[in-house]
Amino acid sequence: QSLSLSARRPAGPFASQVRVAGRAACPSAASMRRLKTLGQHLAAGSAAPPAGASAAEDVIQCGGTHAMPFEAWQVGQRLRTKRRTVAETDIVAFTQLTGYAAENLFGDMEYLRKVAGHERRLAPGLLTASIADALIVGSGILEGYAIALLGITDMAARAPVYAGDTLHVVVDVIGTSASTSRPDRGVVTTRQSVYNQSDRVVLEYTVSRMLRRSQSA
């Protein structure tokens with residue numbers, strides 16, 4: 001599984017550390033070992049920017065051990081997940097499990113076509129959000145450091161998602177806050193934009209997560 005990280009290049013050649021916006025993203029030795037793959041990719045650079053990113057940004061394809069502790073997250077970082085196609089069985093299973101199937105919009109295809117004006121099976125917005133967050137979690141970027149999901153706010157559906165659509169998520173880091181009572185952790189806030197296969201934003205929301213620092217930080 002993969003996650004991309006984009007950051008503006010600082011002036012001059014890259015140092016031996018991972019840098020974001022000209023600052024060392026992860027100063028501890030232990031964290032640097034966990035981000036070895038990410039550092040190698042940063043040093044090498046990469047190609048085309050993700051949807052929602054400017055041409056001046058580098059897109060970093062991360063693989064292997066690239067989990068990021070709290071201190072590695074920096075405001076201004078942009079990450080992009082891999083893609084996932086929404087299957088009709090995903091929608092049917094979700095609506096049956098949650099009870100959404102009782103709503104004509106999700107349980108009656110004739111109503112969906114003739115009244116609501118949708119030609120394909122429609123995905124509930126909360127299913128889209130679940131798939132989006134699972135793409136982030138499934139990338140491994142939080143592995144071993146996640147403590148809690150603290151909140152999801154400002155969620156807005158921008159366009160419908162149908163069976164057969166292919167989604168990816170662009171994640172912008174908009175805030176970090178070290179805990180004053182628990183020095184081994186902090187809160188990272190991200191704005192997450194979900195895109196379909198036409199690079200159209202279909203859903204946006206803000207997430208706050210509590211993450212551990214690396215042991216030697």
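Student: What joins the side chains of arginine 209 and glutamine 192?
Tutor: In this predicted model, the two side chains are joined by a polar contact of 3.4 Å.

Student: Which side chain does a polar contact of 2.8 Å join to arginine 209?
Tutor: That contact is with the side chain of aspartate 133.

Student: And where is arginine 209 placed?
Tutor: Arginine 209 lies in strand β10.

Student: Is arginine 209 buried or exposed?
Tutor: Arginine 209 is buried, because its relative accessible area is 10% and the limit for buried is under 20%.

Student: Leaving aside neighbours within four places in sequence, which residues is arginine 209 in contact with?
Tutor: Among them are Ile136, Leu142, Ala148, Leu149 and Leu150, as well as Gly186, Val187 and Val188. Asp133 and Gln192 also belong to that list.

Student: Changing topic: how many cavities of 30 Å³ or more does a search of the whole structure find?
Tutor: The search finds one. The volume of the largest cavity is about 80 Å³.

Student: Which residues are closest to its centre?
Tutor: Of the 13 lining residues, Trp73, Ile136, Val171, Thr190 and Arg209 are the closest to the centre of the largest cavity.

Student: Which elements give two or more residues to that lining?
Tutor: Those elements are β9 (185-195) and β10 (201-212).

Student: What is the lining of the largest cavity by class?
Tutor: The lining has 10 nonpolar residues, two polar residues and one charged residue.

Note on methods. Residues numbered from 1 in each chain as written. Predicted model: local features only at pLDDT ≥ 70, side-chain atom pairs only at ≥ 80, totals over all residues. Heavy atoms only, no water. 1 Å grid on protein atoms, 1.4 Å probe; cavity = no way out; pocket = protein on both sides within 12 Å on 5 of 7 lines; lining within 4 Å. Points joined across faces, edges and corners; volume = space filled by probe spheres on them. Helix = DSSP H or I, 4+ residues; strand = E, 2+ residues; numbered from the N terminus. Nonpolar A, V, L, I, M, F, W, Y, C, P; charged D, E, K, R; others polar. Buried < 20%, exposed > 50% of the residue type's maximum accessible area, 1.4 Å probe, protein only. Polar contact = N/O pair within 3.5 Å; in protein donor to acceptor, adjacent residues only side chain to side chain. Contact = heavy atoms within 4.5 Å.
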